[in-house]
Amino acid sequence: MWTYPEIDPIALSLGPLTIHWYGLMYLAGFAFFWAVGNVKAKSSNYWTADHVSDFLFYGALGVIVGGRLGYTLFYDFSHYIQNPVEVFYIWQGGMSFHGGLIGVSVAMIWFARKIKAPLFAVTDFVALLVPAGLFFGRVGNFINGELWGKVTESQWGMQVYDPLLNQVVIKYPTQLLEALLEGVVLFIVLWVYASKPRPMGAVTGLFVALYGVFRFIVEFYRMPDPQLGYLLWGWLTMGQVLSLPMILLGGGLLVWVLRRANQRAC
């Protein structure tokens, strides 16, 4: 059993300028996308190094704007409608993956038209690189001390101070579990799967479906947002509600593109 190290969320202070670990984690994710994307582009028929740099700007904009607006709308609308300026306080955390996915999807649709490439050629390329960003984002959640799991007696728990209970309790470090599943495991599965020729859209479908499955599972261990609580049956969370369509759509897309490829091969 471990004790949460209480990491200062501010990485560096220079007078009035403060640099937060949460922001640095996002920068690390973008840097990974640029570096690995440039290598990947060399073997792509549709992507170039310039395309990677260009998309990084629009994709980052989609992640930040979509992620923040998604959290505002899905998780804490009543608070932000009363305190609209706090929508811009992204260093405090409060980003929705599902909102970020919508933002990036808009960016990918626009970018595919811009470079005159098939949409799935863009989404498959991006899907391979997204898990690294998810990994760094969840590490940022851990440093911020947010998105903790349920109180437990498990040896996998971590001792942490709970301000609502006003005492030290043992909780699942679900931020690290998500970093493992959504980041490391998802990255490995996608890269192994994409190491052989696949029909366009297959990698995208696998990414969407697997993320939905991993997130749905983690939500059983993660505490629901206090302003929402459980939505139904004493266990259903907003994260699960938003992940279920991903499982269905991703799985459906994967089956559809594979069947179409098999029909063309016959």
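Student: Is Phe220 buried, exposed or partly exposed?
Tutor: Phe220 is partly exposed, because its relative accessible area is 36%. Keep in mind that this is a predicted model.

Student: And Phe216, buried or exposed?
Tutor: Phe216 counts as buried, because its relative accessibility is 19% and the cut-off for buried is under 20%.

Student: How many aromatic pairs are there in the whole structure?
Tutor: A search of the whole structure gives 19 aromatic pairs. One of them joins Phe32 and Phe187.

Student: Why is the Phe32 and Phe187 pair called what it is?
Tutor: The ring centres are 5.9 Å apart and the planes stand at 75°, so the pair of Phe32 and Phe187 is edge-to-face. This pair links distant parts of the chain: Phe32 belongs to helix α1 (residues 21–41) and Phe187 to helix α6, 155 residues apart.

Student: Are Phe32 and Phe187 buried or partly exposed?
Tutor: Phe32 counts as partly exposed at 24% relative accessibility. Phe187 is also partly exposed, at 25%.

Student: Which rings make up a cluster?
Tutor: Phe33, Trp47, Phe55, Phe111 and Phe125 are linked into a cluster by ring pairs.

Student: Switching to charges. How many salt bridges does the structure hold?
Tutor: It holds seven salt bridges. Among them is the one between Lys171 and Asp162, with the closest N and O atoms 2.7 Å apart. Lys171 and Asp162 are both buried.

Student: What about Arg215, which side chain does it meet in a salt bridge?
Tutor: Arg215 meets Glu178, at 3.9 Å from N to O. Arg215 is in helix α7 (residues 202–218) and Glu178 in helix α6 (residues 174–193), so to speak distant parts of the chain, 37 residues apart. Both Arg215 and Glu178 are buried.

Student: Which residues are linked in a network of salt bridges?
Tutor: The network links Arg138, Glu178, Glu182, Arg215, Glu219 and Arg222. Within it, Arg222 and Glu219 form a salt bridge at 3.7 Å, N to O, and both of these residues are buried.

Student: Which ring does the charged end of Arg198 sit over?
Tutor: The charged end of Arg198 sits over the ring of Tyr193, 4.0 Å from its centre. Lys40 lies over the face of Trp191, at 5.1 Å from the ring centre.

Student: Last one. Where is Asn141, and what is it in contact with?
Tutor: Asn141 is in helix α5 (residues 119–144). Leaving aside neighbours within four places in sequence, Asn141 is in contact with Tyr22, Glu146, Leu147 and Gln175. Asn141 counts as buried, because its relative accessibility is 4%.

Technical notes: Residues are numbered from 1 along each chain as its sequence is written. This is a predicted model: local features need pLDDT of at least 70, side-chain atom pairs count only at pLDDT 80 or more; totals for chains, interfaces and linings use all residues. Side-chain values use heavy atoms; hydrogens and water are left out. A salt bridge is a side-chain nitrogen of Lys or Arg within 4 Å of a carboxyl oxygen of Asp or Glu. Buried means under 20% relative accessible area, exposed over 50%, partly exposed in between (1.4 Å probe, protein chains only). Helices (H or I, at least four residues) and strands (E, at least two) are DSSP runs, numbered from the N terminus. Contact means heavy atoms within 4.5 Å. Rings of Phe, Tyr and Trp (its six-membered ring) pair if their centres lie within 6.5 Å; planes under 30 degrees apart count as stacked, over 60 as edge-to-face and the rest as tilted. A charge sits over a ring if NZ of Lys or CZ of Arg is within 6 Å of the ring centre and within 35 degrees of the ring normal.
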